[in-house]
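Student: I'd like to learn how to read a fold from a model. Can we go through one together?

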Amino acid sequence: MNTNDYIEGRNPVIEALKSGREIEKIFIEDGNKTGSINEIKKLAKSRGIIIQYVHKNKLNQISSTNSHQGVIAISSSHTYKNIEDVFALAKRRNEDPFIIILDEIKDPHNLGSIMRTAECVGAHGIIIPKRRSVGLTSTVAKTSAGAIEYMPVVKVPNIANTIDVLKQEGVWIYGADMDGSADYYNMNLTGPIGIVIGSEGSGIGRLVKEKCDDLVKIPIKGKVSSLNASVAASIIMYDVNRQRGLKK
């Protein structure tokens with residue numbers, strides 16, 4: 001990760017929190033509970049920002065200033081949007097909503113690549129969870145090749161609950177999963193749609209999978225059992241794009 005994403009030291013982190021700057025998470029040294037650290041914890045809690053307690057060696061490893069004072073915050077490279085922004089974009093384009101939902105994607109290169117493809121196929125937004133997911137870091141921005149400037153990204157506390165909200169708005173949710181009921185290209189991927197892509201290692205979580213209206217699979221003929229998350233996302237996104245084009 002680019003060191004420009006890091007805010008090091010107690011006062012800089014406090015001021016960043018007070019200013020309303022977008023913060024992905026805060027690393028705090030294990031056992032560090034003195035004075036201003038408590039203020040950081042209080043401010044972070046009030047804004048729903050994740051705190052991760054780590055060994056001092058971890059902080060030393062990622063620090064570029066060598067004066068982190070037991071705390072380093074990771075800032076966002078861009079501002080997050082909300083779900084209303086995604087629906088508003090679809091409405092302005094006079095299109096059915098097309099939303100990508102990412103369940104715990106942790107690799108910034110995967111998120112950046114997915115963002116790039118999503119922008120190319122005309123998707124209206126990407127939804128990511130607040131926890132156990134990479135955010136809008138500079139690595140994501142670089143990998144997106146500029147798509148980060150145009151693609152709304154929404155960060156939510158709970159993906160499963162957010163799927164319920166989308167369903168209430170008439171969005172049909174498909175999960176990409178090897179146990180899918182049919183190959184993706186045999187499914188009707190037109191209309192208001194959300195595509196769920198699971199994490200690099202474990203795929204879509206059980207609860208999120210249960211919330212999906214249907215599961216679709218990408219057929220694998222080789223000996224490797226699965227595709228990279230960004231590749232899988234790209235294949236399905238482009239078929240959504242193809243089917244929408246055929247419908248016109």
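Student: What is the order of the strands in the open sheet of 7 strands?

Tutor: A quick word on the source before that. This is a predicted model, where local features need pLDDT of at least 70 and side-chain atom pairs count only at pLDDT 80 or more, while totals for chains, interfaces and linings use all residues. Residues are numbered from 1 along each chain as its sequence is written, and side-chain values use heavy atoms, with hydrogens and water left out.

Tutor: Now the sheet. Strands (E, at least two residues) and helices (H or I, at least four) are DSSP runs, numbered from the N terminus, and two strands pair if DSSP finds at least two bridges between them. Here the order is S7-S6-S5-S10-S8-S11-S9, with parallel pairing. S7 and S9 (182–183) are the edge strands, each pairing on one side only. In total the protein has 9 helices and 11 strands.

Student: What handedness does the β-α-β unit of S5, H5 and S6 have?

Tutor: The rule goes like this: with the strands pointing away from the viewer, a crossover is right-handed if the path from the first strand over the helix to the second runs clockwise. S5, H5 and S6 make a right-handed unit. S6, H6 and S7 make a right-handed β-α-β unit too.

Student: Which residues of S6 lie on each of its faces?

Tutor: In a regular strand, side chains alternate between the two faces of the sheet. In S6, Gly125, Ile127 and Pro129 sit on one side and Ile126 and Ile128 on the other, and all are buried. Buried means under 20% relative accessible area, exposed is over 50%, and partly exposed is in between, using a 1.4 Å probe and protein chains only. Over the whole protein, buried residues make up 50% of the 248 residues.

Student: How many residues are in the largest nonpolar core?

Tutor: Think of a nonpolar core as a set of buried Ala, Val, Leu, Ile, Met, Phe, Trp, Tyr and Cys residues joined through side-chain atoms within 4.5 Å. The largest one has 38 residues, and those with the most contacts inside it are Phe98, Ile100, Leu102, Met115, Ile126 and Ile195. H9 (229–247) is among the elements giving two or more residues, and H9 gives the most, with 6. A second, separate core has 19 residues, including Leu166 and Val196.

Student: What does Leu102 touch?

Tutor: A contact means heavy atoms within 4.5 Å. Setting aside residues up to four places away in sequence, Leu102 touches several residues, among them Leu111, Ile126, Ile159 and Ile197.

Student: Where are Glu104 and Arg132?

Tutor: Glu104 is in the loop between S5 and H5, and Arg132 is in the loop between S6 and H6. Most residues other than glycine have a negative phi. Glu104, though, has a positive phi of about 70°, and Arg132 one of about 55°. Glu104 counts as partly exposed because its relative accessibility is 21%, whereas Arg132, at 53%, counts as exposed.
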